[in-house]
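Open your viewer and keep the selection panel at hand. We will take a short tour, one stop at a time.

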Amino acid sequence: MDDNSAKFVGAIPDFYDRGLGPVIFADFAAGMAQRVKALEPKLVVETAAGTGILSRALRDALPGRTKIIATDLNAPMIEVARRKFARGEPIVLQTADAVNLPFDDACCDLLVCQYGMMFFPDKEQSYRTAYRVLEDGGHYLVSVWDSHAFNGFAEIGHRIAGELFPDDPPQFMAVPFSCSAIDPIKAGLLEAGFSSVEISVNRIEKVVPDPELFARGMVLGNPLGDQIRARGGDVEAVIAATLAALHERFGTDPMVLSLQEIVFVARKGAVARV
Ligand SMILES: C[S@@+](CC[C@H](N)C(=O)[O-])C[C@H]1O[C@@H](n2cnc3c(N)ncnc32)[C@H](O)[C@@H]1O
């Protein structure tokens, strides 16, 4: 059983940011930044900010007077995020566990988390924490990946790594896609106290400009590479097999992936009495 699925450390942040970032994260981050902007927040806290892909989009989309605090569990991810901002740009970047945020009650009016929740060991506690740090009328925006069926690149990554180790398949590629069931998340948010939850399913077709870099990111840009190495596997062979399978399924020139996410917008406030 792998227990390193949340350890985005070592060389992972760089492979993540260059290999995966432009292909699977940047476009949905731009959409999330627009959702945040439309709510006109005064102070935004971002959790599981990773290498700052959404943080950068937020800073670009929001007026300078809107404060942003971007946090992540892993300092090496935050270090890559820091490089995206000029000295003096109005953003605070710091480590923090999203399940137990080190912030006061009602400290912000918007909390946002893009593709981090799947890694939280206690999701219900993370919803309660989100509710606690938001002021009345505030919003929690959280996005998750839809299942492998709607994100075929991940099904390929999971299958190829699993075929190499049939007795002990690496589990990483299942984790980011493990929260595609809408009902438990909706129920968890409402049980934490949120009064309403809006849900949308968003799909894009993404042209992959550098398939080799993307395949490398799929293996080395997350803890999958460490899980393969821990089993004595050859990561370069897995990258080559992943690239070949991606080409076979999604084309060569261009390679076009279907990507699908689910976004929850939860509001803290009194339930309307009518
Ligand atoms: C797939 S990345 C998403 C990063 C970023 N939001 C993005 O869209 O590019 C998942 C991130 O969750 C972070 N993470 C995992 N567990 C966490 C926790 N308990 N609290 C905060 N961040 C966590 C990891 O360090 C990693 O940066």
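The tour starts with the whole chain and then moves to single places.

**Before you click**

This is a predicted model: local features need pLDDT of at least 70, side-chain atom pairs count only at pLDDT 80 or more, and totals for chains, interfaces and linings use all residues. Residues are numbered from 1 along each chain as its sequence is written.

**Stop 1: the whole chain**

Show the cartoon. The protein chain has 9 helices and 7 strands. Helices (H or I, at least four residues) and strands (E, at least two) are DSSP runs, numbered from the N terminus. The radius of gyration is 19 Å, close to the 19 Å that the globule rule gives for 274 residues, so the chain is as compact as a globular protein of that length. That radius is taken over C-alpha atoms, and the globule rule is 2.2 Å times the number of residues to the power 0.38.

Along the principal axes, its C-alpha atoms fill a box of roughly 55 × 45 × 35 Å. Buried residues make up 48% of the 274 residues. A residue is buried if 20 or more other C-beta atoms lie within 10 Å of its own, exposed if 12 or fewer, and partly exposed in between; the C-beta atoms are placed from the backbone.

**Stop 2: helix 1 and helix 7**

Select residues 12-38 for helix 1 and 211-220 for helix 7. The two helices pack at an angle of about 130°, with their axes 8 Å apart. Axes are lines fitted to C-alpha atoms, for helices over the stretch in contact, and angles run from 0 to 180 degrees between N-to-C directions. The pair is therefore oblique. Angles under 35 degrees count as roughly parallel, over 145 as roughly antiparallel, 65 to 115 as roughly perpendicular and the rest as oblique.

Which residues of helix 1 and helix 7 meet? Show Ile12, Phe15, Tyr16, Arg18, Gly19, Leu20 and Val23 on helix 1, which meet Leu213, Phe214, Arg216, Gly217 and Leu220 on helix 7. Two residues are in contact if their C-beta atoms, placed from the backbone, lie within 7 Å.

**Stop 3: Thr51**

Go to the loop between strand 1 (43-47) and helix 2 (53-61), where Thr51 sits. Is Thr51 buried or exposed? Thr51 counts as buried, with 29 C-beta neighbours inside 10 Å. Leaving out residues up to four places away in sequence, Thr51 touches Pro13, Tyr16, Asp17, Gly21, Met77, Val80 and Ala81. Arg83 and Thr51 are 32 residues apart along the chain, and their C-alpha atoms are separated by 8.9 Å.

**Stop 4: two positive phi angles**

Select Ala106, in the loop between strand 3 (92-95) and strand 4 (108-114). Ala106 is not a glycine, although its phi is positive, about 50°. Ala106 counts as partly exposed, with 14 C-beta neighbours inside 10 Å.

Next, select Tyr115, in the loop between strand 4 and helix 4 (123-133). Tyr115 has a positive phi too, about 55°, and is not a glycine. With 22 C-beta neighbours inside 10 Å, Tyr115 counts as buried.

**Stop 5: helix 4**

Colour Ser126, Tyr127, Thr129, Ala130, Tyr131 and Val133, which are buried in helix 4. The buried residues of helix 4 pack against strand 1, strand 4, strand 5 (134-145) and helix 6 (182-192).

**Last stop: Pro254**

Find Pro254 in the loop between helix 9 (235-250) and strand 7 (255-267). Zoom in on the peptide bond from Asp253 to Pro254, which is cis, with omega near 10°.
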